[in-house]
Amino acid sequence: MMLWMEWMKAVAHLRPACARRRTYAWMVLVLMGLSIRLDLAGVTSFVRSLGLAPSAYRRLLHLVHSSALRLDRLTDLWTRWCRDAIPAFTVGAARVCIADGLKAPKEGRKMPAVKKLHQESANNSKPPFIFGHSFQCISLLARTASGHAMAVPLVARIGEGVVWSNRDKRSQLDRLVLLFLPLTVALQAAVVLVADAYYASRKVILPLLAAGHHLVTRARSNAVAFEPVPRAERRRRGRPRLYGKRVRLRDLLADSEAFTSVPSPVYGEADVTIAYRCVDLLWRPVGRLVRFVLVRHPVRGALMLLSTDITMDPLDVIILYGYRFKIELGFRQALHVVGSYAYHFWMMAMTPLRRVSGNQYMHHKSELYRQRVRRKLAAYHRYVQLGCIAQGLLQYLALSYGSTVWQLFRSWLRTMHRDRPPSELVVAHALRASLPEFLAAGPADPVLAQFLRRQLLEPLNQARQRPAA
């Protein structure tokens, strides 16, 4: 029961995002369903996992479509709670966030923002093209005193698929910046954003630098930089030179004597020695000095990293980029355990999509049609945001109450490491096992306790008293 009490204390911080008490109560039910459900069949699985009455299905659907659940306020409150409760990974005084994109397959022909998407992967089992929603996601990197780290999801939004105006030229990179900067206000600290090579662009770097934040990413294999211009003894006529000698980064990998050998600082690597080289060069896309860290790994080959903070230690750059993969692990848990992207909300009035559809242009549609599309997109975002919160709560319990979770885990795994924080799957099992005890005692809020008993216990008791056929 202690796990549910801590879970409920965290959810109570999100109460101001709900316009009414009843909205908050139904939001608690959705978060409970996301935390303990056994299958990923959308809202239907909440009814089955929690034992709700069939009439609750429509009310759960109404919640994610209702403006009474204020999405921006919910995201801000969740970010502030993570700032205060989650043990954050820091570099100096700066917190660390991880950004990446996620393509969620969706076959619905009446779902706004569904489009044909290309996905690059070395895995032959993944098709090169799918239909679905393209999300931009940002997570907060958390780490315990024992060194175990997790990427706690903060926000995820659909970044393409619907064009509201033909004058809107914003790209995915522009939308990521617009998504990231409000989070930094809630975090109330300088932030180092870690991302892959796709985000190594002036569209991302310049707004981050203007706001006092930095980016750590991977440079492309054909990247070119310039040495600083040497100071001239006497000024000559004409415009002063801005860039010095041109340098191809991959040519710097050939000079073995310039590299320094150290034990690998990347998590999970023991008895591995890497070699690195650090150079500060002018990078033309941003017009300023950036720090390039060239790494030679005995197994993974050569890697060229980029940091906009030229005072950052090269080993810290390597460590941060090594943690970038934590967001990939978070995506796997979100897809297969929590089901953050397992929604099926149709728009009946929508014009059916063709199989070759790309972006859907709204500036030729009526105002009523545009309002319906906005409402449906907001429903997607509310559902996904609640999924991010549910996954973050599972991670919080794993990091803070790992021993209690293992005691309540009444199942078996082939690889069980009780000395490590449990996964989201293990926490979900522990919460599911202790739910009856929690419902018997009830939360501290008497109104919420009465609501939960009415929604969860009465249908269960009625099913037990119903005579067998």
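1. Which residue forms a salt bridge with Arg-21? The partner is Asp-445, with the closest N and O atoms 3.1 Å apart. A salt bridge here is a side-chain nitrogen of Lys or Arg within 4 Å of a carboxyl oxygen of Asp or Glu. Asp-445 lies in the loop between helix H13 (424-441) and helix H14 (446-465) and Arg-21 in helix H2 (residues 21-36), so the pair ties together parts that are 424 residues apart in sequence.

2. A word on the basis of these notes. The model is predicted, so local features need pLDDT of at least 70 and side-chain atom pairs count only at pLDDT 80 or more, while totals for chains, interfaces and linings use all residues. Residues are numbered from 1 along each chain as its sequence is written, and side-chain values use heavy atoms, with hydrogens and water left out.

3. How accessible are the two partners of point 1? Asp-445 is partly exposed at 27% relative accessibility, and Arg-21 is partly exposed too, at 43%. For these terms, buried means under 20% relative accessible area, exposed over 50%, and partly exposed in between (1.4 Å probe, protein chains only).

4. Arg-324 and Asp-100 also meet through their side chains in a salt bridge, at 3.4 Å from N to O. This pair links distant parts of the chain, 224 residues apart: Arg-324 sits in the loop between helix H9 (314-322) and helix H10 (326-338), and Asp-100 in strand S2 (residues 94-105). Both residues, Arg-324 and Asp-100, are buried. Helices (H or I, at least four residues) and strands (E, at least two) are DSSP runs, numbered from the N terminus.

5. Within helix H1 (residues 2-12), Glu-6 and Lys-9 are three residues apart, about one turn of the helix. They form a salt bridge whose closest N and O atoms are 3.6 Å apart. Glu-6 is buried, with a relative accessible area of 16%, whereas Lys-9 is partly exposed at 49%.

6. How many salt bridges does a search of the whole structure find? The count is 17.

7. Finally, the cysteines. Searching the whole structure turns up zero disulfides (a disulfide being a pair of cysteine sulfur atoms within 2.5 Å). Cys-137 is in no disulfide, and its nearest cysteine sulfur, that of Cys-388, is 6.8 Å away. Cys-137 is buried at 3% relative accessibility, and Cys-388 is buried at 4%.
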